[in-house]
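Please examine the structure shown below before reading the explanation that accompanies it.

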Amino acid sequence: MSLRVAVAGCTGYAGGEVLRLLLGHPDVEIGALTAGSSAGSTLGEHQRHLTPLADRRIEPTEVDTLRGHDVVFLALPHGTSGAVAAQLDPGTLVVDCGADFRLEDPLAWEKFYGSPHAGTWPYGLPELPGQREVLAATKRIAVPGCYPTGATLALLPALTAGLIDGHDVVVVSASGTSGAGKSLKPHLLGSEVMGSVSAYGVGGVHRHTPEILQNMARLGATHPALSFTPLLVPMPRGILSTVTAPITGVSAEEAYAAYAEAYADEPFVRVLPPNTWPTTASIVGSNVVHVNVTVDEAAGRLVAVSAIDNLTKGTAGGAIQSMNLACGLPETTGLPMIGVAP
Ligand SMILES: NC(=O)C1=CN([C@@H]2O[C@H](COP(=O)(O)OP(=O)(O)OC[C@H]3O[C@@H](n4cnc5c(N)ncnc54)[C@H](OP(=O)(O)O)[C@@H]3O)[C@@H](O)[C@H]2O)C=CC1
Ligand SMILES: CC(=O)N[C@@H](CCC(=O)OP(=O)(O)O)C(=O)O
């Protein structure tokens with residue numbers, strides 16, 4: 001099979017990672033590359049690491065340019081995907097790396113994004129129960145946010161195995177700076193970021209809060225309640241999430257066994273050996289998630305930790321994993337399971 005694939009937003013971090021992975025995908029031919037103000041320049045001027053595509057000319061993001069492809073990846077700012085997707089053929093697979101179609105509740109969308117809700121597409125997290133079947137039958141995929149991917153995969157076995165009920169979940173996630181995109185932001189200047197860790201979106205206001213809650217409900221949380229705090233750390237890639245929640249009558253060994261069983265057949269999720277804790281350095285550049293869990297007996301809480309690469313499993317790798325399912329390809333096709341170290 002050779003899928004002709006277009007990437008809109010090819011000069012950004014998400015679009016660049018989609019292209020890095022597509023270049024290693026055996027069933028893909030790279031078609032149109034589009035962006036905004038960069039149209040007319042070559043990809044090599046923006047993505048020096050994508051050497052095989054360095055001389056490719058970037059086109060404006062127009063529907064006529066994106067038509068005629070089997071798959072279109074949208075890696076555009078929030079709020080721009082809906083108008084483009086609406087004009088694409090219903091038979092074209094559209095994979096949106098942005099947030100526009102992730103949330104089911106229009107009120108939650110309006111509260112956290114401050115714009116009208118564009119709609120809801122099948123959610124591109126294959127590890128959710130029943131989701132592989134949904135993704136195999138769709139032409140529209142909403143790629144999860146990077147924090148929701150890390151937090152949800154840290155929580156999944158605890159909720160599906162009934163270790164916790166989800167009424168008091170605390171998530172603290174430390175992210176690398178690429179999560180914020182390439183555009184210039186004063187708080188991301190080197191002098192501001194280097195040598196410092198900072199909290200932001202504090203107090204339940206980060207826009208990934210409703211997305212994590214939506215996933216918790218889907219995993220069986222009866223009264224989902226979440227406190228989510230993101231941290232910005234001076235590294236380019238990676239997210240380390242710690243998740244805690246009240247637990248009663250379950251030992252650390254039982255919690256570990258539940259996680260090991262839940263993820264035994266997942267190609268991209270590895271539960272580390274007991275008392276070995278995830279590090280972002282181990283998964284950078286790969287589509288792999290490292291997870292572990294224990295019970296803090298004194299606090300009466302389950303503690304789970306996950307590490308993902310925000311651009312790979314957290315965006316582009318997850319997007320291609322879902323594309324593979326939607327195109328009837330083996331789910332792991334073209335996706336790296338090997339990180340880069342040191
Ligand atoms: N970074 C991450 O970890 C993650 C990002 N995402 C999502 O992916 C999307 C892109 O994010 P990211 O790559 O970080 O952002 P960047 O700012 O790095 O890139 C944005 C891209 O969109 C293009 N663009 C901007 N405005 C327009 C426009 N009006 N019309 C057409 N193209 C436009 C830019 O082109 P130009 O160079 O011409 O301006 C660039 O290619 C966002 O929706 C984001 O939420 C999702 C998960 C994680
Ligand atoms: C470090 C950092 O700034 N991260 C981004 C999240 C990036 C991401 O996954 O989010 P979307 O796809 O929803 O934009 C943020 O907190 O806004």
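This is a predicted model: local features need pLDDT of at least 70, side-chain atom pairs count only at pLDDT 80 or more; totals for chains, interfaces and linings use all residues.

Residues are numbered from 1 along each chain as its sequence is written, and chains are lettered from A and ligands numbered from 1 in the order in which they are written.

Strand β2 covers residues 28-35, and because 6 of its 8 residues are buried, β2 is largely enclosed by the rest of the structure. Here a residue is buried if 20 or more other C-beta atoms lie within 10 Å of its own, exposed if 12 or fewer, and partly exposed in between, with C-beta atoms placed from the backbone. Helices (H or I, at least four residues) and strands (E, at least two) are DSSP runs, numbered from the N terminus.

Strand β1 (residues 3-8) pairs with β2 in the parallel sense over 5 bridges; pairing requires that DSSP finds at least two bridges between two strands. Within this pair, Arg4 has Glu29 of β2 as its bridge partner. From β1 the chain passes through helix α1 (residues 13-22) to β2, forming a right-handed β-α-β crossover; that is, with the strands pointing away from the viewer, the path from the first strand over the helix to the second runs clockwise. Strand β2 also runs parallel to strand β3 (residues 59-60), to which 2 bridges join it, and Thr34 stands opposite Glu59 in β3.

An unreviewed UniProt entry lists Cys146 under "active site"; such positions are given in the numbering used here, feature names are shortened, and annotations may be inferred rather than shown by experiment. Cys146 lies in helix α6 (residues 146-160). Is Cys146 buried or exposed? Cys146 is buried, because 29 other C-beta atoms lie within 10 Å.

Ligand 1 is surrounded by 31 residues, the closest being Gly12, Gly36, Gly98, Gly181 and Lys182; a residue counts as near a molecule or strand if its C-beta atom, placed from the backbone, lies within 6 Å of it. The elements giving two or more residues to this shell are α1 and α10 (312-326), and α1 provides the largest share, 3 residues.

Around ligand 2 stand Gly98, Ala99, Gly145, Cys146, Ser175, Gly179, Ala180, Pro230 and Leu232.
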